[in-house]
Amino acid sequence: MKISFPHMGYSYIALKWLVENLGHECIVPPEPSKRTLDLGVRHAPEFACIPYKILMGTYLEVAEMGAELILSSGGRGPCRAGYYWVMHRYLLEELGLDVKLIAFEPPLNDLKGFFKTIHWLRKTGGRSVKEVLNALEVTWEKIKALDDLELCSHETRPYEVNRGDTTRALWKGLDMVDQANTLAELAEARHEGLRLLESVPRDNSRNPLKIGIIGEIYVVLEPAANHYIQIMLGEMGVHTDRSIYLSAYTRNNTIVNLEGDIKAMARPYLNADTIGGHGVNSVAETVLYAKHGFDGVVQLAPFACIPEIVAKGILPTISQEYGIPVLTIFIDEQTGKAGVQTRLEAFVDLLQRRRENKAKSERLAI
Ligand code: SF4
């Protein structure tokens, strides 16, 4: 069977390996482009948020490429994301496309359903249980390795002497992870990828600004949806830390997860877990970034995303209480790279001046 899935950051490398090792052919989804978005917009309700439109466009593109089955994700909580796959499936049927779409609900929600789908994929792919267990283990290790390399690239980029070196090293590392087929090969690929990133020529005398990236999961994780904001900021000499990675393992290495309970952190401002999406996280993580001495926070919010709109309403209070500037970038089909870059440059300028003024007043106070 020819199987595809949504494009989300670099996860396609691990998911491609999983599909192939379940005995199927993988149709690798193309990175979302203007065409993807145009297709999605044409077939989406106007009120739908950008992740819906990009996924719709991706599904139409992979259907053109011959996909027979698309594996998507469901969702829980009040956010409409949990229903999107149903609408996508309906539309694919209405367009008469010969492609099926099934959703994996989060395993914690429906463990039985999760393993039932895996079992079905195993049987149709002609793989043994042992082979599938090994495939799942290698896939998980690939996801962790991909996150490790990406995290390291964001730490390295603001120090790079030659613009673009980090991104080139990252691509080589990603390619090595892509080629790895066993746990031993994967460990070697991860090690070599990190070594390449660590050997990028650096100027350690720099003291980069630190910006936390928060917001809705899809636009945070998919660089093509957020106009490569972390690479853009890194090349402006800014250290970015983002709150969401695909593997909880790597997530635990990011600053905002050093302090356990996100809900407790958000509670003084938002005493409810009912807004769905990552709204509660956006509130809590802004507090955590402020507490960890970050210079600013950028919130990535799909236009018309209710959870992020609720968070945005609260962020000015946190910004004032903790003295941390927050920039919200709403993303929809009209958002262009040049516009995002101009806003980021102005924000970085503001943060730099704040830092200089603060240092000046500290010197005067001595
Ligand atoms: S969290 Fe926001 S952008 Fe994501 S699916 Fe829900 S409403 Fe849409």
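Predicted model: local features only at pLDDT ≥ 70, side-chain atom pairs only at ≥ 80, totals over all residues.
A residue counts as buried here if 20 or more other C-beta atoms lie within 10 Å of its own. Histidine 227 has 20 C-beta neighbours inside 10 Å, and therefore counts as buried.

Histidine 227 sits in the loop that joins helix H9 (217-221) to helix H10 (229-235). Its backbone deserves a look: although histidine 227 is not a glycine, its phi is positive, at about 60°. For background, most residues other than glycine have a negative phi. Tyrosine 228, in the loop between H9 and H10, also has a positive phi, about 55°, without being a glycine. Tyrosine 228 has 17 C-beta neighbours inside 10 Å and so counts as partly exposed. Isoleucine 229 belongs to helix H10. With 25 C-beta neighbours inside 10 Å, isoleucine 229 counts as buried. Leaving aside residues up to four places away in sequence, isoleucine 229 touches Ile213, Val298 and Val340. From isoleucine 229 to glutamate 94 the C-alpha distance is 36 Å, for a sequence separation of 135 residues.

At the level of the whole chain, the domain assignment gives domain 1 (2-127), domain 2 (136-207) and domain 3 (208-366). Between domain 1 and domain 3, the C-alpha centres are 28 Å apart. Their contact takes 17 residues from domain 1 and 20 residues from domain 3. On the domain 1 side, the elements that give two or more residues are helix H2 (34-42) and helix H3 (50-64). The largest share of that side comes from H3, with four residues. Sorted by class, the side of domain 1 that touches domain 3 holds eleven nonpolar, four polar and two charged residues.

Which domains each supply at least three residues to the shell around the ligand? Domain 1 (2-127) and domain 3 (208-366) both do. The residues around the ligand are Cys49, Pro51, Cys79, Arg80, Ala81, Glu216, Tyr218, Gly277, Pro302, Cys305, Ile306 and Pro307. By class, this shell divides into nine nonpolar, one polar and two charged residues.

Helix H3 also holds tyrosine 59. Tyrosine 59 is buried, since 30 other C-beta atoms lie within 10 Å. Not counting residues up to four places away in sequence, tyrosine 59 touches Ile70, His88, Leu92 and Leu101. Leucine 315, by comparison, is 256 residues from tyrosine 59 in sequence and 35 Å from it in space, C-alpha to C-alpha.

The packing of helix H6 (residues 129-156) with helix H8 (residues 183-198) makes a second contact to describe. The axes of H6 and H8 come within 10 Å and cross at roughly 5°. Because angles under 35 degrees count as roughly parallel, H6 and H8 are roughly parallel to each other. On the H6 side, the contact is made by Val138, Glu141, Lys142, Ala145, Asp148, Leu149, Cys152, Ser153 and Thr156. H8 contributes Leu183, Leu186, Ala189, Arg190, Gly193, Leu194 and Leu197. Taken by class, the residues of the contact divide into nine nonpolar, three polar and four charged.

Lysine 144 has its place in helix H6 as well. Is lysine 144 buried or exposed? Lysine 144 is buried, because 20 other C-beta atoms lie within 10 Å. Between lysine 144 and arginine 190, 46 residues apart along the chain, the C-alpha atoms are separated by 9.3 Å.

Helix H1 is mostly covered, with nine of its eleven residues buried. These buried residues are Ser11, Tyr12, Ile13, Ala14, Leu15, Lys16, Trp17, Leu18 and Val19. After H1 comes glycine 23, whose phi is positive, near 90°.

Key:
Residues numbered from 1 in each chain as written. Axes fitted to C-alpha atoms, helices over the stretch in contact; angles between N-to-C directions. Parallel < 35°, antiparallel > 145°, perpendicular 65-115°, else oblique. Contact = placed C-beta atoms within 7 Å. Nonpolar A, V, L, I, M, F, W, Y, C, P; charged D, E, K, R; others polar. Near = placed C-beta within 6 Å. Domains from an automatic or database assignment. Buried ≥ 20, exposed ≤ 12 C-beta atoms within 10 Å, placed from the backbone.
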